[in-house]
Amino acid sequence: MHRINVAAAAAIVTVALVTGCATPASERSVTAFEGARLIVGDGRVIEKATLVVDGTKIVQAGAAADVRVPAGAARVSLAGKTVMPMIIDTHVHLSRTREALIRDLKLRAYYGVSAVLSMGTDPYELLDIRGQAIPGAARFLSAGRGITMPEPGRTTAPLWITNEAEGRKAVQELATHKVDMVKIWVDTRDGKYKKLTPEIYAAIIDEAHQRGLRVSAHIFDLADGKGLMRAGVDALAHGVRDKDIDDETVAMFKQRPNLVLTPNLPDRGVKVDLGWLQAGLPADEVAKLESVNYDRPTAQHFYGIQARNLAKLNAAGVRITLGTDGNRAWGPHDEMLDMVMAGMTPMQVIVAATRNSAEFLRLADAGTLQAGKSADFIVLDANPLDDIANTRRISSVVLRGAAVDRAQPVR
């Protein structure tokens, strides 16, 4: 056995990544990452842990005394570091051309995101990317084209429907494309459009369930959230945004333990330090972000409603995942901070962003750092359990056993 430092290990694996070679099982390299604090993803922490990776998989993970490092394995010292599972984002809207989409997925990996679910704005011709393990890129899952009432002037990417029959036909179309989720919008967009009625969304949910598909609903109003729960919706893609939730809402969630909430918290409306983004974004993009980086009382009020609602549902034990909406590769780190500011603990947020999100997307090999799982992890320079913002202090990223090249940001 021989020891190498983490930078050297990253360089070795990056060479394999760049060449694109698939190493035969008999010749796979085995690497033991030793000495780090290991955040497993299920609520457990192992101090001075050892993580053994064989090819693309984790084969051992635990306290150093409980792990037998195979003879001939490379040994990487991670003393003083913290290792956590890569983040899984269950709500994004990515680019709609192949080249740009692949760039989006590589940007996610750069920021420590291993998989994403794109929610309802994807052309069907891009869905084949879901089955591809693109070197240095996050996994892609998709709801294909979502379902909404007609919204002239907005994107035509979703399927526009006006009645129950059209809703069922839309689900049938999605089923032929084997989408990973059915996405529906139930929102008037500030009173500009009609929204799916209870009769229509009940028909969509029923048709989806008959075909083995789940339904995630974009909501705004409390009344719609309740109606969708009664209709059997599987997930709410946003929390209630118009008012503070009542006791009945909390009780309805408790009665539905399999119902998933993806909060998608809005901007907190306060000036923040954007310095951490300078290494990964062009200067002009950082400048654009800085141009709207100031205190906004209206946004603070809007965030406050959703933060209080999240705190209530988290306290009630509701199953929470992480989602960011939009197309910001670094967004999960902002969202995790916002979730902590809303009252969740750093550990609760990490579990939501890893294990819970993986289970929601039915990624059996992701979400936790355990034997048999994909070797997808982030090496951090500081402990996010002390300060969730430390998820931004990335030393290196390992995706499917290969180091992500972070020497140069993806352009």
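Reader: Which residues are in contact with isoleucine 184, leaving aside its neighbours within four places in sequence?

Author: This is a predicted model, in which local features need pLDDT of at least 70 and side-chain atom pairs count only at pLDDT 80 or more, while totals for chains, interfaces and linings use all residues. Numbering runs from 1 along each chain as its sequence is written, and side-chain values use heavy atoms, without hydrogens and water. Isoleucine 184 is in contact (heavy atoms within 4.5 Å) with Ile147, Leu196, Tyr201, Ile204, Val215, Ser216, Ala217, His218 and Leu228, once those neighbours are set aside.

Reader: What makes the set that includes Ile184 a nonpolar core?

Author: A nonpolar core is a set of Ala, Val, Leu, Ile, Met, Phe, Trp, Tyr and Cys residues that are buried and joined through side-chain atoms within 4.5 Å. Buried means under 20% relative accessible area, exposed over 50%, and partly exposed in between, with a 1.4 Å probe and protein chains only. The largest such core has 77 residues, and Val182, Ile184 and Leu228 have the most contacts inside it. Helix H10 (residues 346-360) contributes the most to this core, namely six residues; helices (H or I, at least four residues) and strands (E, at least two) are DSSP runs numbered from the N terminus. Another core, of 17 residues, lies apart and includes Phe33, Val83, Leu369 and Val379.

Reader: Why is lysine 183 said to have no salt bridge?

Author: A salt bridge requires a side-chain nitrogen of Lys or Arg within 4 Å of a carboxyl oxygen of Asp or Glu. Lysine 183, in strand E12 (residues 182-185), is buried, and the nearest side chain of opposite charge, aspartate 325, is 6.0 Å away. The lysine 183 side chain does reach the backbone oxygen of methionine 119, at 3.4 Å.

Reader: Why is aspartate 206 called partly exposed?

Author: Its relative accessible area is 32%, and aspartate 206 therefore counts as partly exposed. Arginine 168, at 26%, is placed in that class too. The side chains of aspartate 206 and arginine 168 meet in a salt bridge, at 3.0 Å from N to O. This pair links helix H4 (residues 198-210) to helix H3 (residues 164-176), across 38 residues.

Reader: What makes the radius of gyration agree with that of a compact globule?

Author: The radius is taken over C-alpha atoms, and the globule rule is 2.2 Å times the number of residues to the power 0.38. For 411 residues a compact globule would have a value near 22 Å, and the protein has 22 Å, so the two agree. The C-alpha atoms fill a box of roughly 65 × 45 × 45 Å along the principal axes, and 55% of the 411 residues count as buried.

Conventions: Lys, Arg positive; Asp, Glu negative; His and termini not counted. Polar contact = N/O pair within 3.5 Å; in protein donor to acceptor, adjacent residues only side chain to side chain.
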